[in-house]
2 protein chains.
Amino acid sequence: PIYPINPKVDEFDGMKFYPSVRDVPGPVDHVISSIPSGGVLQLMDDCVAKGVRSVHFFTAGFRETGDAERAELEQQVLAKARAGGVRIVGPNCMGLYVPESRLSFGDDFPMRPGPVAFISQSGLNAEEVVRYAPLRGVYFSKVVSIGNAVDLNESDFLEYGAEDPDTQIIAAYLEGIKDGPRFRRVLSKASDAKPVVIVKGGATGAGTRAANSHTGSLAGSFAVWSGLVRQANVVAVKTLEELDDAVVAFRFLGPISGPGVAIIGVGGGVSVLAADAAERAGLPVPPIPDDLQSELREFIPIAGSSVRNPIDTHALHDHAQFLKLCGVLSRAPEIHSLIAIARIDWAFVRPNADINQFLAQTVKSLVEGQREAGRPLAVALTAPAKPDVMDAMLRFQTMAADAGLAVYPTVQRALEAIALVWPWHRERAERGLPAWRMPLEFVASK
Amino acid sequence: PIYPINPKVDEFDGMKFYPSVRDVPGPVDHVISSIPSGGVLQLMDDCVAKGVRSVHFFTAGFRETGDAERAELEQQVLAKARAGGVRIVGPNCMGLYVPESRLSFGDDFPMRPGPVAFISQSGLNAEEVVRYAPLRGVYFSKVVSIGNAVDLNESDFLEYGAEDPDTQIIAAYLEGIKDGPRFRRVLSKASDAKPVVIVKGGATGAGTRAANSHTGSLAGSFAVWSGLVRQANVVAVKTLEELDDAVVAFRFLGPISGPGVAIIGVGGGVSVLAADAAERAGLPVPPIPDDLQSELREFIPIAGSSVRNPIDTHALHDHAQFLKLCGVLSRAPEIHSLIAIARIDWAFVRPNADINQFLAQTVKSLVEGQREAGRPLAVALTAPAKPDVMDAMLRFQTMAADAGLAVYPTVQRALEAIALVWPWHRERAERGLPAWRMPLEFVASK
C-alpha cells in the first residue's frame, strides 16, 4: 500500500492522508520525501522510530548548493540514518524506477520491465534514457537517480546490478566517484559478469566545472577514469545517444566476431557516405569476394546498383531476393556483421499503400535475412521528415524490437554502435572469460 | 510550355504528346530525357536539329556501369552535343531543381525559392538535402544533380553559383573532380565571394571504392583534397547533416567573432554533457565573470540551477527573466555566441496547454534575447519521442526560421555547427576579405 503523508491534509482524491510517518497504521518499507530541506531531520527521526528501511530524498538544497550550512545538514541526516539503520537514496535526486514493483518517478514511464539497469547521477538524464530507450525495445529492471549519494552511492548500485538476476546489462551516467578503490573493484566484477556501458559527465575541463556546480562532486582526472575503464573492459561512451545505441546492440545483436561490416542500402551517394562513416568508426568495409559478387549479379540487376560493398540495391523490399543476398553474404569470411538501411518513408511514396503491411513485411525480411546471413544484422533508419512518417517509424521500431532486431536512427549511429561493442566481445575472449550473450528467456522467439 | 514526347502516345491526361522533339511546334530550350540509353543518339540528333540549348539525361547505363561499350556511347553523345552546340546535364542524374522557374525533379519539393545553391554528384543525396533543409527554413536558388557530368561538371556549376545573384551560400556533395586546376581556381573564387560548404564522398579507402562503383569517378587523394579545401577556406564537412547544420548557421547566424559559447538550458546532467560536447568540438565554455554571476543571482533562484556557464535555468520560459539574462551575457567579453536549449516537449506536460501560444512565446523570447545579447544565438532542440511532439517541433522550426533563428536538433549539433563556421569568418578576416553576412533582403524583418 501507499500512504500519503501531510500534516495539513486529511483526505484528497479518495486517499486518506497521515500527519506523519509514525501515524501510518501498517509497516513502512520505503519513504519518498519531497518536503523542504528544513523538515528532513524530523522526518528522519520519524523514519527511525517507525523502522523504515530506506528513504529517498527528492528534497534538494544540500551540499550541491555549495553552502556550508546546507552541507552540514546533509551530514546530520546521514548521521541519524546510520545510527537508526536507515539507508538513504539521494538527496537531490529523482530516486527509483522499478517497473516490476510499479514504482516510478515519471507518470509516463512504461510499466513493462526489461533486462537493463541504469544508474544516473542526473535525474533528467535518467528521464531522458527511460523515455527514449523503450522506443527501440529497451526496457528496464531498475533505474536509480542517485543525486548527492550521501549514503548509497554508485558503487552500491553497481554491485547490486552485477548480482541482480533481473539485470543483464548495466548502463550508467556518472559525474564523480565517491570511493575510487571500491569502485574499481566493483566495476571489474560487474563488467566480468555482464556488459557495462558508462557515459562519464565531466570528461573535459568545462564539463568538470559544470559537474562541480551540479552534484558538488569533484570529477577527478579523466586520464585516471580512462585507465579504469580500459582495465575493467567497460564500454565508455560520450553521449546518452551512444549509451542507448550500445545498449541496443548488447540487447539485440548477438556476439560480434570481428570488425568487418557489409552495408546494404539504396543509393550511390548514400553508400559512399556510409562507407566513409564505417572507416571513420574503425570498421573495414571489405569488398565482397569476386565469386560471390558474380553470384549476386545473377539476381541483382546492373543499372543503378553495386554488389561490391556497400551493396546498393532495393533487395530489402523483395523478400526472396533479400534472403538470397543474405545467404551469399553468409559465405563472405571478412564480413562479421550487416547493416541494412530500411527506408520507412518509402512506404508513403505509393498512394494507398498499406503501411502496416509494408512495415510487417520489412521486419519479416530483416529477421529472416539475419538468420540466413548467420551474422548480427543492425537496421538503420533515416530521419523522418513528417509526423506521419515518424508515427510509422515508431511502429516499425516496436515491431522490429519485438522480433528481436536492433534498430538505429541513422547508418552512422549503427556503425558507431558496432564499433563500440565488438571490441568488448574480443577483449572478453582475450581475457579468457566465457562469451556473453543475452540469456534465452530475453530473446524474441520469432 | 511543357511538351511531352512519346512516339506511342497521342494524348494522355489532357496533354498532347509529340512523336519526337523535331515535331514540337514552338522553340524548345531544355529537354529532359528518361528514355533508355539505346535511343540517346537519335534524341541528340533531334535536339541539335531543333536548336535545343540543353539536355538533361536522367537516362543511366553509361560509363558508371564500368562497361567499355556503354562508356563509348557516352562519348558519342558528348561529341554530337559539342558539334551541335547543345550542353548536357548528366547523364545518370536527377537534373535540375529551380523553384523560381517551377522546375523540379521531386513532386514534393517546395516551390519557395531561397538563397542556397546545392551541387550534388548523387541524386538521392540531393533529394535528402532538399527534403530536410526546408524543415529548418533553408530554401534553394538552384539544385543540380550532376551524375556522370560528361559535359557540364562541378566546376561549371560552382562558377555559376559564385556569380549567381540569387545564390548567397553554395553547398555541394562531390565524389571526384574532373579538372583539378580549374576546380581549384573556381573554388577559390567562389569561396572569396560567399560561404562554400562541401561534403566529400570518398574520404576514406572504403568510400573511394564505393565512389568508383557509383559515378565511375576516381576520387583522388584525400590529402590533396584537404589541402585544396584549406587553401580555399572552404567549410569541409563529413555528413549531409553537418552540411545542413553549417548552411543553417550561415543562413541565420550573423558573423561569429570567436569560439566562446554560453549554453543556456535546464538540467545539471544536461549541462555537464553539453559542456563536454563544446570542449570536444573545440569551443571553450568560459565561466561567466563573478560580478555578472552576482547580477544573475539577483533574479535566478539558487536551488537546482547554476549561473556559471552552462547556465542551468528555466529562464527561457519566463520572457522578462530571459531578456535580463541575455542582457547580462551581452557584457561577458569571452562569450561570442549563445546556445539556448528549447524543450518543446515541455509544452505537452501541462494538460490543455495552448501549444501554439507556447511555441510563439518561445520564438519571441529567443528573437528578443538574441537582440539583447548582441551575439548570435543558436536554438537547440531535443529529439521528439512522439508524433505530436514532432508535429509541434516542425511548427516551431518554421516559426523560428521565419523569425530568423538558426535551429538545431540537438545541442551537440548546434555546437559542432558553430565550430565549423566561426573559423571561416576568422580566416576571411585574416585574408583581408570583407566580413560576410547574409544580405539584408534575406534577413527576417522581425
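**A walk through chains A and B**

Hi everyone, let's start inside helix α13 of chain B, where the buried residues are Val389(B), Met390(B), Ala392(B), Met393(B), Leu394(B), Phe396(B), Gln397(B), Ala400(B) and Ala401(B). Buried here means under 20% relative accessible area, exposed is over 50%, and partly exposed lies in between, using a 1.4 Å probe and protein chains only.

Please keep in mind that this is a predicted model, where local features need pLDDT of at least 70, side-chain atom pairs count only at pLDDT 80 or more, and totals for chains, interfaces and linings use all residues. Residues are numbered from 1 along each chain as its sequence is written, chains are lettered from A and ligands numbered from 1 in the order in which they are written, and side-chain values use heavy atoms, with hydrogens and water left out.

Back to α13(B). What do its buried residues pack against? They meet α13 (387-402) of chain A, together with α8 (240-252), α12 (355-373), β15 (377-380) and β16 (406-408) of chain B. Contact means heavy atoms within 4.5 Å. Helices (H or I, at least four residues) and strands (E, at least two) are DSSP runs, numbered from the N terminus.

The length of α13(B) works out too: at 1.5 Å a residue, its 16 residues should span 22 Å, and the end C-alpha atoms are 22 Å apart, which agrees. That expected span is 1.5 Å times one less than the number of residues. After α13(B) comes Gly404(B), with a positive phi near 90°.

Next, a helix pair in chain B. The axes of α9 (residues 268-280) and α14 (residues 411-430) of chain B come within 9 Å and cross at roughly 25°. That makes α9(B) roughly parallel to α14(B), a term for angles under 35 degrees. On the α9(B) side, the contact is made by Ala274(B), Ala277(B) and Ala278(B), and on the α14(B) side by Val411(B), Gln412(B) and Leu415(B).

Now over to chain A, which has 14 helices and 16 strands. Its C-alpha trace spans about 80 × 50 × 40 Å along its principal axes, and buried residues make up 57% of its 446 residues.

Let's finish with one residue there. Ser365(A) sits in helix α12 (residues 355-373) of chain A. Is Ser365(A) buried or exposed? With 1% relative accessibility, Ser365(A) counts as buried. Setting aside neighbours within four places in sequence, Ser365(A) is in contact with Leu316(A), His319(A), Phe322(A) and Leu323(A).

Note on methods: Axes are lines fitted to C-alpha atoms, for helices over the stretch in contact, and angles run from 0 to 180 degrees between N-to-C directions. Angles under 35 degrees count as roughly parallel, over 145 as roughly antiparallel, 65 to 115 as roughly perpendicular and the rest as oblique.
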